[in-house]
Amino acid sequence: MNLSFDLKMKYSSTLAAFMLLILVVSTSEATLSCSDVIKDLKPCISYLVSGSGKPPEACCIGAKALASSATNSEDKKAACNCIKSTAKSITLNSQLAQSLPGNCGISLSITISPNADCSKFG
C-alpha cells in the first residue's frame, strides 16, 4: 500500500512538472510572426512614406489588429524587430510613423521606426 502511494506521488509530481514546463515554454515564445506584422501594416506603407492627413481606414484596421495581437513582451519584441528591419528598407516619414497610433485612435507600444529600441520588450 505504501508503494502504491509513492508511485502515485511520483507520477503526480512528474505530471505537475511537465505541465509547468509546457506553460513556461508556451508563454515565453512569440506567437506573432513577422508575416503577420507585415500583413497588418501593409496598408499603411504608402501613407507612412508619402501620406498626409488621416491614415486610410485599412491602415488603422491593420494597426488595431497588430495592437490587439501583440499582447505579451515576446510578441511585442518580435513585432518591434520585424518593423525595425522592414523600416530600414523603406524611407518612412518619421512624423507620420510616430503619429500613426494616435491618428488611428489606438495605443501601440511598438515604435514604427528603423531605430526602434526593441530590447525594452525583453
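Biologist: Which residues are exposed on the other side of helix 4?

Modeller: This is a predicted model, in which local features need pLDDT of at least 70, side-chain atom pairs count only at pLDDT 80 or more, and totals for chains, interfaces and linings use all residues. Residues are numbered from 1 along each chain as its sequence is written, and side-chain values use heavy atoms, with hydrogens and water left out. Helices are DSSP runs of H or I with at least four residues, numbered from the N terminus; buried means under 20% relative accessible area and exposed over 50%, with a 1.4 Å probe and protein chains only. On the other side of helix 4, the exposed residues are Glu57, Ile61 and Ser68.

Biologist: Around the axis of helix 4, how many degrees does the arc of its buried residues cover?

Modeller: The buried residues of helix 4 are Cys59, Cys60, Gly62, Ala63 and Leu66. They lie on the same side of helix 4, because their arc (taken from the directions from the helix axis to the C-beta atoms) is only 160 degrees.

Biologist: Against which helices do the buried residues of helix 4 pack?

Modeller: Contact here means heavy atoms within 4.5 Å. The partners are helix 2, helix 5 and helix 6.

Biologist: Which residues have the most contacts inside the largest nonpolar core?

Modeller: A nonpolar core is a set of buried Ala, Val, Leu, Ile, Met, Phe, Trp, Tyr and Cys residues joined through side-chain atoms within 4.5 Å. The largest has 26 residues, and those with the most contacts inside it are Val37, Leu48, Leu66, Leu100 and Ile110.

Biologist: How many helices does the chain have?

Modeller: Along the sequence the pattern reads α-α-α-α-α-α. With 0 strands, the number of helices is 6.

Key: Helices (H or I, at least four residues) and strands (E, at least two) are DSSP runs, numbered from the N terminus.
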